[in-house]
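Subject: Structure handover

Hi,

Here is the structure I said I would pass on. My notes follow below it.

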Amino acid sequence: MVLPSMSSADHHGKKIKLGIIGTGKRGQWLATLFAKHGGYKVVAGADYFQDRLVEFSAQLMVPLEKCYSGLNGFKKLIDGGGVDAVAIISPPYFHPEQTEYAVNAGKHVYLAKPIAVDVPGTLSIEDSGALATKKGLTFQVDFQTRANEFFQEAIKRVHDGALGELCFGEAFYHASDPFKTAAEILGPDPQNPEARLRVWGVDRVLSGDIITEQNIHTLDVMSWIMNKDPIKATGTFNQKVRPWGNCSDHFSVIYDYGNGVDVSFTSRQFAAHGTKPDGIRNRMFGENGTLETQYSGPVLLRGIKGSFYRGGDSSGLYKSGAVNNIADFHTAVKAGDASNSTLAPSVQSNLVTILGREAAYSGKTVTWKKLLKSKKSMKLDLELTA
């Protein structure tokens, strides 16, 4: 495939012109990694907030006239920013609309997780990814653990039968509150639309709640291990410790995968006062052994002869995963590779988070089949300028 704005010779020799949609802290960090790769030229940025764009402009040396503010800034970037590809690092609520617009405009897409906050949004991403493949565009979701060699090998061995018959699993994401500054930003008017947008991580609609926005990292590993859709889920949630925002500060969900195999999941976003273990961890117990994984920690298989795998330490995964993904995206774009293998697992794991959330919210068992039929959309009530 030849990029619309490049000749055949340029396609292999020139840098990919990239626009960053969402120039907050992580957006600027990723933009720097794209620039350091050497195969990209960051040429434009879009964000609702002008101050973030000013920082982005200075850090990435992108002219301010190529930095577009407002909710519709992403459209100006895609239409007039001179980009071949976009990296979408905005709040998850906006991902479906921004992705659809980019693919329709013929741009390659690098998309942050979570891909959406509800079922219709997730299925919209699935449709946009399918259209990208049809149009010969590269569409990549920013996985971190799936780009790590130890996770890849350990889970491959599980799929090849190293653990024997599976018995049960555990998944958890236990962390302190990453949004402690939110109270200060929200101030005396917690419904202020611009304040909510600045600290979208504590806003249910903008983030999808913590089970989708943050916990997707461990629930994606669970989904990867199980290698199939869950049948149903039951769960609970609450906001008892954190007094700001409207996101939950803990979840507890049981995912039923059939044949008597359940995975218990818990998460928290508040201090546990030194209690260990914490972090992002998954365990799967089988008749012949146990898989243990930790984000930025040990990944291994323990068990009887033939199931043991020493694995390794995934420390530094936050950065190394992004670096690997950026390199893979560049390779795919240059090779005209539109196989887009990250699409299906990203859709599945995103829906897994929503299944757990809806089961917890409702206090009832929710089946996978019922979830897929859901037309329920999270509605944004912010009054913001375009």
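At 54% relative accessibility, N227 counts as exposed, because exposed means over 50% relative accessible area, buried under 20%, and partly exposed in between (1.4 Å probe, protein chains only). N227 sits in the loop between α12 (216–226) and β8 (232–238). Helices (H or I, at least four residues) and strands (E, at least two) are DSSP runs, numbered from the N terminus. Phi of N227 is near 60 degrees, a positive value in a residue other than glycine.

Two points on reading this. The model is predicted: local features need pLDDT of at least 70, side-chain atom pairs count only at pLDDT 80 or more, and totals for chains, interfaces and linings use all residues. Residues are numbered from 1 along each chain as its sequence is written, and side-chain values use heavy atoms, with hydrogens and water left out.

Backbone

S296 also has a positive phi, near 60 degrees, and is not a glycine. Its loop runs between β12 (289–294) and β13 (298–303). S296 is partly exposed, with a relative accessible area of 29%.

There are cis peptide bonds to look at. One joins K113 and P114, with omega about -10 degrees. P114 lies in the loop between β5 (108–111) and α6 (119–134). The bond from K276 to P277 is cis too, with omega near 0 degrees. P277 is in the loop between β10 (262–269) and β11 (279–286).

Cores

A nonpolar core here is a set of buried Ala, Val, Leu, Ile, Met, Phe, Trp, Tyr and Cys residues joined through side-chain atoms within 4.5 Å. The largest one has 70 residues. Within it, L77, V86, F139, M222, Y255 and L291 touch the most other members. Helix α14 (residues 343–362) gives the largest share of this core, 8 residues. Another core lies apart from it, with 23 residues, among them I20, V62, A87 and A322. In soluble globular proteins, nonpolar side chains tend to be buried together.

What does L77 contact, leaving aside its neighbours within four places in sequence? Its partners are G19, I20, I21, A44, G45, A46, Y68, G82, V83 and V86. Contact means heavy atoms within 4.5 Å.

Two buried residues

T23 lies in the loop between β1 (16–21) and α2 (25–37). It is buried, at 0% relative accessibility. Not counting residues up to four places away in sequence, T23 touches Q28, G45, A46, D47, R52, L53 and F56.

L186 lies in helix α8 (residues 182–186). At 7% relative accessibility, L186 is buried. Leaving aside neighbours within four places in sequence, L186 contacts A195, R196, V199, V202, W244 and G245. The C-alpha atoms of L186 and E100 are separated by 31 Å, and these residues are 86 apart along the chain.

Cysteines

How many disulfides are there? The count comes to 0, taking a disulfide as a pair of cysteine sulfur atoms within 2.5 Å. C67 is buried, at 9% relative accessibility. C247 is buried as well, at 0%.

Pocket and cavity

Both were found on a 1 Å grid over the protein atoms alone. A cavity is a set of points where a 1.4 Å probe fits but cannot get out. A pocket is an open set with protein on both sides within 12 Å along at least five of seven lines. Lining residues have an atom within 4 Å of a point. Grid points are joined across faces, edges and corners, and a volume is the space filled by probe spheres set on the points.

The second largest pocket holds about 320 Å³ of space. It is lined by 18 residues, and Q140, N325, D328, S341 and T342 are the closest to its centre. Two or more lining residues come from each of β6 (139–141) and α13 (317–335). The largest share, 4 residues, is from α13. By class, this lining has 6 nonpolar, 9 polar and 3 charged residues. Ala, Val, Leu, Ile, Met, Phe, Trp, Tyr, Cys and Pro count as nonpolar, Asp, Glu, Lys and Arg as charged, and the others, Gly among them, as polar.

The count is 1 cavity of 30 Å³ or more. The largest cavity has a volume of about 40 Å³. K113, F143, Q144, T145, H217, D220 and Y295 line it. That lining divides into 2 nonpolar, 3 polar and 2 charged residues.

Best wishes
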